[in-house]
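Here is a short briefing to read alongside the model. Please have the sequence and the coordinates open as you go.

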Amino acid sequence: SIQVRQKVVEVDPKEAEDFDRDLRALMQESVESRRLEIRARPTLNMMIPMNVFDGTKDPRAIDGESSEETVDEDGGTSALSNKVRVKVLMKKGNKQQTKHMFIPRESSLIQSTKQQEAAELEE
Amino acid sequence: EETGEDENYEFGKGDFTEHACRYCGVQNPACVVRCNMPSCRKWFCNSRGNTSGSHIVNHLVRAKHKEVCLHKDSPLGETILECYNCGCRNVFLLGFISAKTESVVVLLCREPCLSVNALKDMNWDLSQWCPLIDDRCFLPWLVKVPSEQEQLRARQVTAQQINKVEELWKTNPDASLEDLEKPGVDDEPQPVALKYEDAYQYQNVFAPLIKLEADYDKMMKESQSKDNVTIRWDVGLNKKRIAYFVFPKEDNELRLVPGDELRLRYSGDAAHPAWQSVGHVIKLTAQEEVALELRASQGVPIDLNHGFSVDFVWKSTSFDRMQGAMKNFAVDETSVSGYIYHHLLGHEVELQIVRNTLPRRFGAPGLPELNASQVFAVKSVLQKPISLIQGPPGTGKTVTSAAIVYHMAKQGQGQVLVCAPSNVAVDQLAEKISSTGLKVVRLCAKSREAVSSPVEHLTLHYQVRHLDTSEKSELHKLQQLKDEQGELSSSDEKKFKALKRATEREILQSADVICCTCVGAGDPRLANFRFRQVLIDESTQATEPECLIPLVLGVKQVVLVGDHCQLGPVIMCKKAARAGLAQSLFERLVLLGLKPFRLQVQYRMHPSLSEFPSNSFYEGTLQNGVTINERQSLGIDFPWPVPNRPMFFYVQMGQEEISASGTSYLNRTEAANVEKIVTTFLRSGVVPSQIGVITPYEGQRAYIVNYMSRNGSLRQQLYKEIEVASVDSFQGREKDFIILSCVRSNEHQGIGFLNDPRRLNVALTRARYGIVILGNPKVLSKQPLWNCLLTHYKERECLVEGPLNNLKQSMVQFQKPKKMYN
Ligand SMILES: [Zn+2]
Ligand SMILES: [Zn+2]
Ligand SMILES: [Zn+2]
């Protein structure tokens, strides 16, 4: 493969700080505008298609090294690309859709990881 | 050898694939998203490049756009990201939740859907809501980060270029980065210089900067309106209505201070007409309530408590006075002496000596004995038309200033004007000077007359009220009438004003010394006064034009006191700050070759605590005026890792988080440990007023206050009495024990506020008896100065980890520091 000269990424701390401030301001503005917008109790509109939860354990749901996911963004420094396949529920207009996606196992989103952690803590 | 740069790679507009990142050109469909703003629709990638946030996050933040759409070839296909429950598309509010038992996830907004109670009862686990934008980047498993190869091949854009191209897109949405090279785009203001031809040129440079800062300040303050404010009503001693309410604070440095003007509004309902009134902030309570004294007491809807709105009333006074001072400096020959005029502009001037008979001793009655460096400073200053005194922390600069003012006043050249940028500093100085026996008048802004002051008896408004309280005094009679009725008839009011003005003038004229803020020196009540001798304390915290206000009243001899190694003036407008408005006059004079007299003996810190600041900020010149014995906290049983070294760096690995308001940071582990340390101090007999907790982030400050009073094992009241505040609000003050919570703990972004060496200096030099620093050495060690500090603590066996009752030396590895920025 090609040898690439290592570049040093230097983030100007002042710029970074300014950017950070703008980001936080935008986040706050977003939260606050929503708070004002929605005075009444928000309604629940979480229609879930029946088939989503029926699919018990898909043998491929926990996917150690699936074919397309092995390419590691970090250039292979962390060799274990341990990913979990999840269903993503989305709406297109009024219709629900399910798509698949891979999420790193260590993501807090993944229930099994949490249990694993709990087990480790007990030791 | 191949390099990452490919000469043949074209970045011309036409060569871009439609979905290429508009900043860097990366075009991998898995790595890019489209901004969904109808007027924008540009594509950006999820790589950070040379900035702290990824390109797409950079764009959304700079352009204030909030919706995105995924690429059709990405795993989820062409999809606009939105809340599954309510359809909200604001990516700054979105995050994933997963089902409790299955591998199913959905996007949900955090306001309001995340707090919908009914959801908790369903199959979803809300506790692990995972924000879409984390660490300034989209979740990398949703939008991939381009590989290193791809990034190296891409265009290397800087944050400055991004800023500029975003600015350009506002007027020309199709512009490319190449268009930046064209002239006329960059409208940065003219930067400050070291020397100026004349005062007109000086004004030409500074006036636009002050204008920029004023516009920014106005914009900021006027956008600070709060709705749905709840009011608690009270009546003041002067019978005026006082409204108490909570005004949320943020990190953006806009803090309410006493004297600020706010407008309180009620929009009206069936039973109440619409109502509004302006008032002044008279205090901020310990419970973080604002007390607003209303100007009009008629028609106040005191039977109501909810649904009020509060706006900031912006006033241009301080900026107008700076502009006025610069104008005077230019057009009025007598505004400052010729020598000072040329010196301030950086012209070569023959050194001048002020011919004064020097006193035999340099101390002053009512003040502590001066040490050698203080005597030297006083003596030298009295003989020079313009001088600088640098007072590192705890070196007695207020006492030295007071001694200088005492001797100046005794020289009989007229009244001495004493200023500082902050009211707190002016009060302190006024008190010290007054203790020498001089007649001191403290002039306050009209808006601050209701604000309580530790030197109330010295204030002009107090003295006017108490000068003559006999039966015969017409002014006194009218004042009493006004207090009782709330107002006077128009003829009485006219008479009252005239009498008051005359009395004010009389009192001011009979003073030896007049103390006010720098901006206060532009008060119309001083318009006809001339001051040959002026001392400005904390001058390193004032901008140049601010410092100029007290000078243009005829100054012949000026002393600037300060410390350019501590925090400088706060400039809100980035453009103005970049152009150099944040540099104080003191600093420029140092650059021009004027050497400050440095006070060298510090009386505050335990010698172990002064060692690092002395070596890092003052070339090792700081001497200790206190011994280890004098700073031994007897009877205090605290687990210092090394006895006789009351300091340690407590290694913390907890994560930083964005606080609930979304505008700041907090770190739960650090907060929990702060509480443990505080409790240990309190148990061993330290009282709350001896402890100060410093943290640079408002989010963490609020979290610590809350956490301590909820989880502390001792009486709640004890924790409430402990001051928890920012580095900046501790400047100029001290505590016996300081706990510093650094908060920041992330790989990609900097360490924020703590990057400024001057802020670190201030944080490290507040403690008298002991200091505990909590932080993540892995992150902090990247910054060279923090790396030195960590090494210092490690070498002295004060870098520790583990539970507080069993601290062990930490073996944590530091990172190599990056190059120093200035
Ligand atoms: Zn990019
Ligand atoms: Zn956009
Ligand atoms: Zn929602």
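The notes below go through the metal sites, the cysteines, the strands and chain A.

This is a predicted model, in which local features need pLDDT of at least 70 and side-chain atom pairs count only at pLDDT 80 or more, while totals for chains, interfaces and linings use all residues. Residues are numbered from 1 along each chain as its sequence is written, chains are lettered from A and ligands numbered from 1 in the order in which they are written, and side-chain values use heavy atoms, with hydrogens and water left out.

**Zinc ion (ligand 1)**

- B:C21 (SG), B:C24 (SG), B:C45 (SG) and B:H55 (ND1) are the protein donors of this zinc ion, at 2.0 to 2.3 Å; donors are N, O and S atoms within 2.8 Å of the metal (3.2 Å for Na, K and Ca), and since water is not among the atoms, sites may look incomplete.
- The zinc ion (ligand 1) has a tetrahedral arrangement because its four donor atoms subtend angles of 103 to 116°; four donors count as tetrahedral if all angles lie between 85 and 135 degrees.
- For comparison, the ideal angle for four tetrahedral donors is 109.5 degrees.
- Along the sequence, the donor residues of the zinc ion (ligand 1) have the spacing C-x2-C-x20-C-x9-H.
- Distant parts of the chain are linked here: B:C21 sits in the segment before β1 (32-35) of chain B, and B:C45, 24 residues apart from it, sits in strand β2 (residues 43-45) of chain B. Helices (H or I, at least four residues) and strands (E, at least two) are DSSP runs, numbered from the N terminus.
- B:C21 and B:C45 are buried, where buried means under 20% relative accessible area, exposed over 50% and partly exposed in between (1.4 Å probe, protein chains only).

- B:C40 and B:H59 are both buried.

- B:C83 counts as buried because its relative accessibility is 2%, and B:C109 is buried at 0%.
- B:C86 is partly exposed because its relative accessible area is 38%.
- Zero disulfides are counted over all chains, a disulfide being a pair of cysteine sulfur atoms within 2.5 Å. B:C88 is in no disulfide, and its nearest cysteine sulfur, that of B:C109, is 4.8 Å away.
- With a relative accessible area of 8%, B:C88 is buried.

**Seven-stranded sheet in chain B**

- Seven strands of chain B form an open sheet in the order β9-β15-β12-β13-β14-β11-β10, with antiparallel pairing; two strands pair if DSSP finds at least two bridges between them.
- At the edges are β9 (226-229) and β10 (232-235) of chain B, each pairing on one side only.
- Neighbouring strands of this sheet are turned by 35° against each other on average, direction ignored; axes are lines fitted to C-alpha atoms, for helices over the stretch in contact, and angles run from 0 to 180 degrees between N-to-C directions.
- Five bridges join β12 (residues 261-266) and β15 (residues 308-312) of chain B in the antiparallel sense.
- B:R265 has B:S309 in β15(B) as its bridge partner.

- Strand β21 (residues 557-562) of chain B is mostly covered, with six of its six residues buried.
- B:Q557, B:V559 and B:V561 point one way from β21(B), B:V558, B:L560 and B:G562 point the other way, and all are buried.
- Strand β16 (residues 386-390) of chain B runs parallel to β21(B) and is joined to it by five bridges; B:Q390 stands opposite B:G562.
- Strand β20 (residues 533-536) of chain B is also parallel to β21(B), through four bridges, and B:I536 has B:L560 as its bridge partner.

**Chain A**

- Chain A has two helices and three strands, running α-β-β-β-α from the N terminus on.
- Of the 123 residues in chain A, 34% are buried.
- Among chain A contacts between residues at least 6 apart in sequence, 29% join residues at least 24 apart; contact means heavy atoms within 4.5 Å.

Note on methods:
Tetrahedral: all angles 85-135°; square planar, octahedral: opposite > 155°, others 65-115°.
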